[in-house]
Amino acid sequence: MTEIPNDRRYTKDHEWVREQDDGILAIGITDHAQAALGDLVFVELPVVEDAIGSGAVCAVVESVKAASDVYSPLAGTITEANTALADAPELVNSDPYGEGWLFRLRPDSPTEIEELLDNEDYARLLTELDD
Amino acid sequence: MNELKRTPLYQSHLDAGARMVDFGGWSLPVAYGSQIEEHKVVRRAVGMFDVSHMTIIDVGGDRVRPYLRWLLANDVAKLGASANGVCKALYTCMLDEVGGILDDLIVYRLGQASFRLIVNAATREKDLAWLNGHAADYSVEVVERTELAMVAVQGPRAGATVGPLLANGAAVASLAPFTARRDNDWFVARTGYTGEDGIEIMLPGARASTLWADLQARSAVACGLGARDTLRLEAGLNLYGLDMDESVTPLECGLAWTVAFTEDRPFVGREALEARRRTGVAVKQIGLILEGRGVLRSGFVVKTGAGDGTVTSGTFSPTLGRSIALARVPSEADGPCDVLIRGQARRAQTVKLPFVRNGEIKVDLETADD
């Protein structure tokens, strides 16, 4: 079964957003997303210090099967990109919620995260997709 | 939604946690875990594929030989009589009157008056209609062998893995590439679609899951369609529906070598092919290796000095660590070209196929870096 941790928020585009203690948001793709994509072979990451609008394409994950855009779930400034993925894109497959994070972002409006899906909403979304 | 067809190994795939997909109306595993790992195990050891969706058709009758010499672009006359129970196999296209490829297939000569054709799953109905449509003229009987499953065991250890599971493993071990033999009610061939040594076994569907489990116990790793596609692309082997279809002839997709222009043998499509050879063939098939990151995909535009071409199929090559592709480009095209990826022109090296054969890289990657 697909894993959906309850310590973070989700988007309809199968991304997760975890708020760190310092208010910075870590962002990645869900277990469901990595399984659907299959083996990742390239990850294109955003440039640190870039300002990103909500819903803007800011990364690309490419598997053997397909390339998929990653959208910024919130407006903000990129603080860090997971450079380990350049040599080891498979981390997104093996540990999508941990080592396979994509980038970190300082949100323009910290409360906006409340508008994203919680783990139960996201689980429901996946159930609906299955039907 | 249409009910997907299931192979006799369907439950084995589910039990193994395979990710199942709709492949031409069949529910088949795309991968069991990592498709890249599955790919690599075939290159270095042994993997197994459920290819039961492939259509097995036996054709028989006193005039079956002239029937196939008329319908197939390669010449079954090359398949000599079987000796010591060994049958020969031939790769060929089946063409329509204008030389378009109806399908590509492998034909085995089972005996004096019977042959076996392995055709694609997606082209099943079209092929059967075509074969049946010409059968009456030759009093040939066309029988689809739906009761048979087919398992492809592929990789350098394929022979050693399969041998002990057969009634006559020693005889199978000595099979040359592109030959086959019966093993009781199984039919065992030294063929495949991976660029490695391999054995394909056709057997009654009811026995398939036992064979699958026995192969697994002998360390064969279950592999899905994902690995099958990256392996065949590295091997430079065409996929019907992408690299060829009715809109192209064998001359335009790297398969001229499979057409036997034997003197005095008329065959369906021959006149069209000869006319095309006289006027010159406008396009050719090439291999591409992308420089840098990204993955070439079917439909991408290829910019050459002689005009535009198209990627017919592309993927990431686990062996090369780069993206590779088959492309159709103007015949005069030469040297490196550019491929448009998301609107960006990206450099790609043109290479002779295959990319990989028997575990070895066959292209010069250093050159591709220049």
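Okay, let me start with a definition: two strands count as paired if DSSP finds at least two bridges between them. The strands themselves are DSSP runs of E with at least two residues, helices are runs of H or I with at least four residues, and both are numbered from the N terminus.

Now, what we have here is a predicted model, where local features need pLDDT of at least 70, side-chain atom pairs count only at pLDDT 80 or more, and totals for chains, interfaces and linings use all residues. On labels, residues are numbered from 1 along each chain as its sequence is written, while chains are lettered from A and ligands numbered from 1 in the order in which they are written.

Chain A first. Its secondary structure comes to four helices and nine strands. If you walk along the sequence, the pattern is β-β-β-α-β-β-β-β-β-α-α-β-α. For the radius of gyration, we take C-alpha atoms, and the globule rule is 2.2 Å times the number of residues to the power 0.38. A compact globule of 131 residues would come out near 14 Å, and chain A has 14 Å, so the two agree.

So how are the strands of chain A arranged? There's an open sheet of six strands in chain A, with the order β1-β2-β3-β9-β8-β5 and antiparallel pairing. Which strands stand at the edges? Those are β1 (9–10) and β5 (51–52) of chain A; each has a single partner strand, so one side of each is left without a neighbour in the sheet. Further in, β3 (residues 25–29) of chain A pairs with β9 (residues 103–107) of chain A, antiparallel, over three bridges. If you want a residue pair to click on there, I27(A) sits opposite F103(A) in β9(A).

Then look at β6 of chain A, residues 57–63. Buried, for us, means 20 or more other C-beta atoms within 10 Å of the residue's own; 12 or fewer is exposed, partly exposed is in between, and the C-beta atoms are placed from the backbone. Five of the seven residues of β6(A) are buried, so this strand is largely enclosed by the rest of the structure.

Who are the partners of β6(A)? On one count, β4 (residues 40–44) of chain A pairs with β6(A) in the antiparallel sense over four bridges, and V43(A) stands opposite V61(A). Then five bridges join β6(A) to β7 (residues 67–71) of chain A, again antiparallel, with V60(A) opposite D69(A). The link from β6(A) to β7(A) is a hairpin through three residues.

On to chain B, with 10 helices and 21 strands. Its radius of gyration is 21 Å, close to the 21 Å from the globule rule for 370 residues, so chain B is as compact as a globular protein of that length. The box for its C-alpha atoms is roughly 55 × 50 × 45 Å along the principal axes, and 46% of its 370 residues count as buried.

Domain bounds here come from an automatic or database domain assignment. For chain B that gives domain 1 (10–51 + 147–234), domain 2 (55–141) and domain 3 (282–369). The centres of domain 2 and domain 3 of chain B, over C-alpha atoms, are 33 Å apart.

One helix I'd zoom in on is α2 of chain B, residues 35–44. Seven of its 10 residues are buried, so α2(B) is largely enclosed by the rest of the structure. Among them are I36(B), V41(B) and V42(B), but also E38(B) and R43(B). What do the buried residues of α2(B) pack against? That would be β2 (26–31), β3 (47–50), β9 (148–154), β13 (221–222) and α8 (225–234) of chain B. Contact, by the way, means C-beta atoms, placed from the backbone, within 7 Å.

Strand β5 (residues 86–95) of chain B pairs with β10(B), antiparallel, over three bridges, and C87(B) faces A180(B). Four bridges join β10(B) to β11 (residues 186–189) of chain B, also antiparallel. In that hairpin, which has two residues between the strands, N184(B) takes a positive phi near 55 degrees.

Last, the interface: eight residues of chain A are in contact with 11 residues of chain B.

Conventions
Two residues are in contact if their C-beta atoms, placed from the backbone, lie within 7 Å.
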